[in-house]
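Please open the structure in a viewer and keep the selection panel at hand.

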Amino acid sequence: MTIPEVHFKRGDYSLNPDPNYNFQLNRVIQWDGGRLEDVQPVAGRIRSSEDWKRELVLLGDRALAEERTENAIAYYRMSEFFMYDGDPDKKRYYQKAAELFAGHYAAYFDNGWVERLEAPYEDVRLPIMHARPEGERRDVIVLHGGNDSYYEEFFFPMLYLAKHGFEVYLFEGPGQGGVVRVQGKKFTYQWERPVKAVLDVIGETDVTIMGASLGGMLAPRAAAFDDRIQRVIGWSVFPNFLDVALYGEIPPSLRGVLRLMIAHRLRRPINAVMKKKMAAEPIVDWAIRHGMYAYDAPDPFGYIRKLDDFKMTDIGPKITQDVLVIGASRDHFIPQALYKAELDALPNARSLTYRLFTEKEDAGAHCNVGNPKLVLDTVMDWIVGVKRRDEHV
């Protein structure tokens, strides 16, 4: 049966003065199914996690009352994003969005366009959505998100790729989506382990792996340890999570000092500094608290220290596959000063392609959130080009 046409929104909006709230509000609209006309009037009211929760839940309630289920899913799903771990509403609204999603898009599963699978991994089961290709199969793509993703966000990118001849396995790993929210499985930097579990279940031996955001570090890491992965796509430059965090929050003059303090395990002074920042900045407070939960760390020091494990620069020379790295010219999370570190860490890649998307393309924000179609078209062209080269080798 023919997969329905997939259409993406395009746009990059200035909705909130805080860069992180602004990005996440754009994400609500562009990736999650929200509407600009709903989000724009309330965006300026959001100055804290409490504001975020209140406004997004109200949008969800209104959309559901008006039988706009697609919009309600978006608002409920993202309403829990800035809720603190331990807030009972966090799991409640996550599950509400997931249940609405399952019901609203049931026809995709009933008609056989998408099937659900699971991969046993340690003491949990990793959920997988599988979309079969329309027409002749061009490649197999294993797709996953990053630090704070939900795999439902990639449902339509998965279908778009399948519509164009790609078999796609979309999964959530430890620390992501329902795996952490419902099953309680925390992040691991050894991403090759959950990827192995997925590859063992799907039985493919020649795949492209594509990871978004932090997945831009996790996917290359997995490729370094599994030769079933032949092509690697980092949908975001992400060389080292600690470096990303330091560039975002710490003045240049203090970064070396803080790294030295971390190396010498100066827990007490680092905790004191971070708790002061948490008290002064709501976004930092949420980020540290969520990080402690998702990364299974006892305190801010423990979380920050773990971030240095989440890097691809140390294993980069082991990566011998074809690699595509996708950047963004105005990424508020990842400064361009870090881009060179990732590209330089891949000296043995069979081929290395770097594409920087820009504001003029509505793709300058993190993960090019304003123009997903452009990214996916670029990815498909790259895969086809690499495989065509191999046919003539």
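Predicted model: local features only at pLDDT ≥ 70, side-chain atom pairs only at ≥ 80, totals over all residues.

Select the eight strands, which form an open sheet of mixed pairing in the order E1-E2-E4-E3-E5-E6-E7-E8. The edges are held by strand E1 (114–121) and strand E8 (351–357). Each of these two has a single partner strand, so one side of each is left without a neighbour in the sheet. On average, neighbouring strands of this sheet are turned by 20 degrees against each other, direction ignored.

Which residue of E7 is the bridge partner of isoleucine 233? The partner is leucine 324.

**Second stop: helices across the sheet**

Then select helix H9 (residues 192–202). H9 lies across E1, E2, E3, E4, strand E5 (207–212) and E6, and runs at about 125 degrees to E1. Colour its buried residues: Glu192, Pro194, Val195, Ala197, Val198, Leu199 and Ile202. Just after H9, glycine 203 may be picked out for its positive phi of about 75 degrees.

Select helix H13 (residues 267–280) together with helix H14 (residues 282–294); they pack with their axes 5 Å apart, at an angle of about 125 degrees. That angle makes H13 oblique to H14, and the crossing of the two is left-handed. To view the contact, show Met274, Lys277, Met278 and Ala280 in H13, which meet Pro282, Val284, Asp285, Ile288 and Arg289 in H14. By class, this contact has six nonpolar, no polar and three charged residues.

**Last stop: leucine 343**

Finally, select leucine 343, placed in helix H16 (residues 339–344). Is leucine 343 buried or partly exposed? Leucine 343 counts as partly exposed because its relative accessibility is 22%, whereas buried means under 20%.

Show its surroundings as well: not counting residues up to four places away in sequence, leucine 343 touches Val325, Leu352 and Tyr354. Valine 325 is 18 residues from leucine 343 along the chain, and their C-alpha atoms are separated by 8.2 Å.

Note on methods
Residues numbered from 1 in each chain as written. Heavy atoms only, no water. Buried < 20%, exposed > 50% of the residue type's maximum accessible area, 1.4 Å probe, protein only. Helix = DSSP H or I, 4+ residues; strand = E, 2+ residues; numbered from the N terminus. Contact = heavy atoms within 4.5 Å. Axes fitted to C-alpha atoms, helices over the stretch in contact; angles between N-to-C directions. Parallel < 35°, antiparallel > 145°, perpendicular 65-115°, else oblique. Left-handed = near helix turned anticlockwise from the far one by under 90°. Nonpolar A, V, L, I, M, F, W, Y, C, P; charged D, E, K, R; others polar. Pairing = 2+ DSSP bridges.
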